[in-house]
Amino acid sequence: DWFVDNFGTKIGRITPLVSTDVYATWIEYLVCEGMAQRDPYTLDFIPRLARGWEVSDDGLEMTFHLRSNANFSDGTPLTADDVIFTFDWTMNPEVQADRTRAYLTTLEKWEKVDEDTVRFTFNEPYFLNCSTIATMSILPKHFYEDYSPTQFNEHVGLLMGSGPYMIQEGPNG
C-alpha cells in the first residue's frame, strides 16, 4: 500500500550514513531495518532482522542470528554478507560516515560465522555497543556495491532497504 507524509521543509540527502537531517532519518527508518530495535514500552531490544542474539558476559562479543525469511524490497534475501558489507562500508574512511563511525570506535572486528550469523568483537565495553550494532540500518550489498564511495557520498537519494516501505522512482527515474 502507500504511505504519504508531508514535511514542512525540503528534505536533504536520504542516502544512509551520509544523510544529515531528521526528516531523512525518518525516511531511512521506514525503508531500512536494523537487526533489532527498542520496544517503545519496555525499552528492551526486540528482534527485527535478527531472530535472536547472544552477548558475552563481559559485553565484548555479540553474535546475531538473522531471520532466514528476511528480504530487501526487491526480493533479494538478506544474508550475513549484507551485514558484513554494511560494516565494511561504514568503516571505509572514503565514505562520509564520520558520525556513525564515532559510535564504533570500540568495534574491533566483525565476521561472518555462516549465512545467517554474524559476530562482533569489541576491544572494550561501552554502553552503546549493543544499541549501535543492533540498530544499524543493514544495506543491501547487491545494490550499493556498484557505487564508489564518491558516488555514494554525493548521491542525494540512494536508498534501498528491507523495511516496510520503499522509495518509488519518480517520473524522471
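In this predicted model, strand β4 (residues 61–66) runs antiparallel to strand β6 (residues 117–122), and five bridges join the two. Within this pairing, Glu61 has Thr121 of β6 as its bridge partner. Helix α2 (residues 80–91) packs on the sheet, where it touches β4, β5 and β6. The direction of helix α2 makes about 160 degrees with that of β5.

The sheet as a whole is open and consists of four strands in the order β3-β4-β6-β5, with antiparallel pairing. From one strand to the next, the twist averages 15 degrees.

Side-chain charges provide a further set of links, for the structure holds seven salt bridges. One of them joins Glu61 to Arg119, with the closest N and O atoms 3.6 Å apart. This pair links distant parts of the chain, since Glu61 belongs to strand β4 and Arg119 to strand β6, 58 residues apart. Arg119 also forms a salt bridge with Glu111, here with a closest N and O separation of 3.7 Å. Together with Lys109, the residues Glu61, Glu111 and Arg119 are linked in a network of salt bridges.

Another salt bridge connects Glu33 with Arg48, the closest N and O atoms being 3.3 Å apart. Glu33 lies in the loop between α1 (22–31) and β1 (36–38), and Arg48 in the loop between β2 (45–47) and β3, so the pair ties together parts that are 15 residues apart in sequence. Both Glu33 and Arg48 are buried.

How values were computed:
Residues are numbered from 1 along each chain as its sequence is written. This is a predicted model: local features need pLDDT of at least 70, side-chain atom pairs count only at pLDDT 80 or more; totals for chains, interfaces and linings use all residues. Side-chain values use heavy atoms; hydrogens and water are left out. Two strands pair if DSSP finds at least two bridges between them. Axes are lines fitted to C-alpha atoms, for helices over the stretch in contact, and angles run from 0 to 180 degrees between N-to-C directions. Contact means heavy atoms within 4.5 Å. A salt bridge is a side-chain nitrogen of Lys or Arg within 4 Å of a carboxyl oxygen of Asp or Glu. Buried means under 20% relative accessible area, exposed over 50%, partly exposed in between (1.4 Å probe, protein chains only).
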